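Morning, everyone. I have one structure to show you, and I'll keep it short. Please have a look at it first.

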Amino acid sequence: MPKKIPAKEKLKEIVKEVIRSRLKVESQEELARLALRRLRKEDKSYTLSPTRAKRVALILPDVEVKAKTKKTIKLPKINKCPICDFSIESIKVKNLLNKEITVGYRCTDCAYESDLEAFMPMKYIFIWKHSI
Ligand SMILES: [Zn+2]
């Protein structure tokens with residue numbers, strides 16, 4: 001059976017639903033598993049990676065993403081997009097000490113995103129903001 005990748009808008013809705021119903025999801029693997037369960041009710045051929053689930057959660061305004069680390073991570077600094085030369089913005093989350101850390105970069109123009117996972121594995125926690 002061919003694999004089906006959910007569209008970004010659809011995935012945003014599903015990931016939002018999952019976190020809203022759970023209030024807190026303890027890892028990107030669990031987030032992907034819960035989101036995929038909902039997606040597969042519609043179509044069994046859907047597939048979803050933990051990294052993609054996390055990336056979508058990072059752009060949801062109702063969700064706070066926290067890195068489960070106390071360390072500050074040094075990412076190689078990039079100033080412009082390696083694909084299109086446009087400017088790059090940092091993707092920041094708070095760590096367990098409530099310090100902001102950069103966990104990746106996102107192009108302000110094209111779809112380019114780089115991820116901390118490429119440099120070191122990282123655990124995240126996803127919190128529904130309105131539950132606090
Ligand atoms: Zn770009």
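Start with arginine 22. Its place is in helix α1, which covers residues 8-22. Keep in mind that this is a predicted model. Now look across to phenylalanine 126. Along the chain, arginine 22 and phenylalanine 126 are 104 residues apart. Their C-alpha atoms, though, are separated by 9.6 Å.

Next, leucine 23. This residue sits in the loop between α1 and β1, and β1 is 24-25. Leucine 23 has 13 other C-beta atoms within 10 Å, so leucine 23 is partly exposed. Check its backbone too. Phi is near 70°, a positive value, and the residue is not glycine.

Where else do we find a positive phi in a residue other than glycine? At aspartate 85, with phi near 75°. Aspartate 85 belongs to the loop between β2 (63-67) and β3 (88-94). Aspartate 85 counts as exposed, because 11 other C-beta atoms lie within 10 Å, and the limit for exposed is 12 or fewer.

Back to α1, and its partner. Helix α2 covers residues 28-42. The two helices pack at an angle of about 115°, and their axes are 9 Å apart. The crossing is right-handed. Which residues meet there? From α1, we have Ile14, Val15, Glu17 and Val18. From α2, we have Leu31, Leu34, Ala35, Arg38 and Leu39. In that contact, seven residues are nonpolar, two are charged and none is polar.

That's my tour. Thanks.

Definitions and conventions: Residues numbered from 1 in each chain as written. Predicted model: local features only at pLDDT ≥ 70, side-chain atom pairs only at ≥ 80, totals over all residues. Helix = DSSP H or I, 4+ residues; strand = E, 2+ residues; numbered from the N terminus. Buried ≥ 20, exposed ≤ 12 C-beta atoms within 10 Å, placed from the backbone. Axes fitted to C-alpha atoms, helices over the stretch in contact; angles between N-to-C directions. Left-handed = near helix turned anticlockwise from the far one by under 90°. Contact = placed C-beta atoms within 7 Å. Nonpolar A, V, L, I, M, F, W, Y, C, P; charged D, E, K, R; others polar.
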